[in-house]
Amino acid sequence: MPQQFSRRELLAGAAGAIAATSLGASLRADTAMPSRKQLMLLFMSGGKSQFETWDPKPGAKTGGPFRAISTSIPGVQIGELLPHCAKIMHRLTVVRSVNSGIADHFQGHYALQSGRIATGYPVLGSAVAKLLERPDDVLPGYVSIRRDGPKAYTDVGDAGFLGAKYEGVRIVNNQPPANLIQPSAVSPALAEAVDRIRQSSDERFRLGREDGPIHGYGTTFHQARALMQRREIFDLSKEAPKDHERYGKHEFGQHCLLARRLLQSGVSCVKVTHFDWDAHQDNFYWHQIRCAEFDRTLVTLLDDLSEHGMLEHTLVVIVGEMGRTPQINNLGGRDHWGRCWSMALAGCGAKPGVVYGSTNDTGTEVKDNPVKLGDLFHTYLRALGIDSRMKYEINGQTNPVADPAAKPIDALLA
Amino acid sequence: MPIDPTKSRQLAEHKHDAPLMCCVFDASGRFVIAGGRDRKVVCLDVAAGKTTTLDGHESWTGSVVRAGAELVLTADYAGRVIAWDCTGESPKPRWNIAAHANTIYAMAASADGKLFATGDRDGTIRIWQTNDGQRTHEITGLEHPVYGLAFHPDGKQLVSADRQPKKPRLKLWEFATGNAQRSIDVPQLSAYRRVEDIEWGGIRAITLSADGNTLVACGSNEYSGPACALLFDVATGELKRKLASTLKGSYYSAQFHPQGFLLTSGGDVGKGEFRAWDTSKDESLATVATPGPCTAIDIHPDGTRCVVAQMNGKGSYPDAGTLTLFEWSE
């Protein structure tokens, strides 16, 4: 998609060619920023095991070696690898009955973020960027933080028909987009002149043509300039050492710290990808490692959002592209499983202390309240105060923002 | 009685309702104690041909060793070690300790049985007195799971094997001081996949020859296999030989027979084997195929028999286990 390419290229590398004209009046200062609904998507890439996290089956043949522990909700247990989460279970909303029917990374990454199987729809971050957009927004609405690596399936899908303006800006290894500092050889006057020429060319090109792509292109320049002005939003050295410590020095912890900083700066949606859950071998070893990172960092993040007064307007979604098989393979791994798995929510619009749905004794099937991926997408939007029955109107075409065949799950909503 | 490793026959097969991961004869050879993917320890009375189960663990039992004339020790994924007194009619617990806060992946006993060592997920190694389960030493700083341990016959040194990504390591420790005497990188047993950014390999087991000169490291030769065992010169750290199976999977266990030949056991999806090797040659002396991956092998104290633990089930999902006894003839 040409729009995607040009936008990413610009935001990743060409921002330095843009004049850093004064945008101070239009940028919101942190302190003056009014509360807005925001989204943080914590994506457990590879597929977290429900058995080792939210839906343990200790003693069952499928249960694995770990025990279940009590939580702050009487009678509810989760896996022993999540001791910190267990203490704040009353603040979480857990779904144990997701049946996406998808056991494939590529399809799962897209479908669990777009709420659809059919391709071409915007993923959650892009949708929220569009649906929560304000006229005075200048920062990108959607930022995706991840580590470097050839993770092809993690980048499937993005803004879809919403176009370049709502593509996610990718932050790799917590490094800000390249060239956010004005090159010394380019004087402000020269940069401003170049930008005027670009705008003029855009206006001429726009005549008689469909406006969307040109508008998206212009928005990209506008956002790149904003990022140049606000490049300190990527500067984690401005965060207190104790915050670095309590979030965890590992990449997931540091990525979540940056995510909080970006939300605080006014970005509507930030996605953090936590890698390496695809444990086809040594599943229990890998879940010990990954859960230790996830458990402490998630609780720190929720505490921090709460302390900053952000949690009440920030929905935190914790999901992956699938679950893992009840059966344990000969390598001590669990494989892909889409029929019966778990996810969680916290914060804005989510009803705390709810454990929704259940599975049978061996965790092979959903026992009650099956949840489809389309239902989750509706629920996310509703939690953010968005009418999920709305329709996009793009270039004269209308498209429902969420799958009309699905619906929000009222039991999960505050 | 000298035996011929090329002449073996199956004596008995005992099924268990969970995949098995470890097994050992007690010092008298009367019992086989085994553990696997459930909380129950399996006890096979060899002469009676009957199995019972022993309670006490709260998690999978992944390691078992014979320690001295009386005890067999079992260790689980929750970090607990139980000492089973095998001198009576049936094994009874003598002591039971919370040895680590997380999974114990490796355990070994000294040649005289007075000490044993445990290694955990975080790379911590602990040395204990066998008679009472009191800790005597601790080695820290490996930072990667300890998948193998072996006491040197000199009684002063301990070898560890870990799963450091890309370069699994063998380390020779003077355990009284915690000083590392030698470190050997074993990249041949790494199966690091950049796509997943996960180390699939690692050194899955180690064993030392009776003279302490040869160290064997088991695993898979990179991602695509085959199962192999690497022989190192302990004095120099030099790789002396690679013993490769025709199986694509991994070797999980190895043990020297008192006559000097080496036994390896391992497997792939839905099949397994154990082999006897003359360690001066690349070709194996004998191979015995098994229906499921052989996760462990142990030689009877009289040297005439061995037992292998297997994982059995459909395709790549084992849901049962087998203890199979074999006997060699002259």
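**Note on chain A and its interface with chain B**

1. Chain A holds ten helices and 16 strands, where helices (H or I, at least four residues) and strands (E, at least two) are DSSP runs numbered from the N terminus. This is a predicted model, in which local features need pLDDT of at least 70 and side-chain atom pairs count only at pLDDT 80 or more, while totals for chains, interfaces and linings use all residues. Residues are numbered from 1 along each chain as its sequence is written, chains are lettered from A in the order in which they are written, and side-chain values use heavy atoms, with hydrogens and water left out.

2. Of the 414 residues in chain A, 61% are buried, that is, under 20% relative accessible area (1.4 Å probe, protein chains only).

3. The contact (heavy atoms within 4.5 Å) draws 32 residues from chain B and 31 residues from chain A. The two chains bury about 2600 Å² between them, with 51% of it on carbon and sulfur atoms; buried area is the accessible area (1.4 Å probe) lost on putting two parts together, summed over both. Trp60(B), Trp200(B) and Tyr317(B) supply 23% of the area that chain B buries against chain A, more than any other three residues.

4. Three salt bridges (a side-chain nitrogen of Lys or Arg within 4 Å of a carboxyl oxygen of Asp or Glu) are found across the interface of chain B and chain A. Arg204(B) forms a salt bridge with Asp282(A), with the closest N and O atoms 2.8 Å apart. On the side of chain B that touches chain A, the largest share, three residues, comes from E30(B).

Technical notes. Buried < 20%, exposed > 50% of the residue type's maximum accessible area, 1.4 Å probe, protein only.
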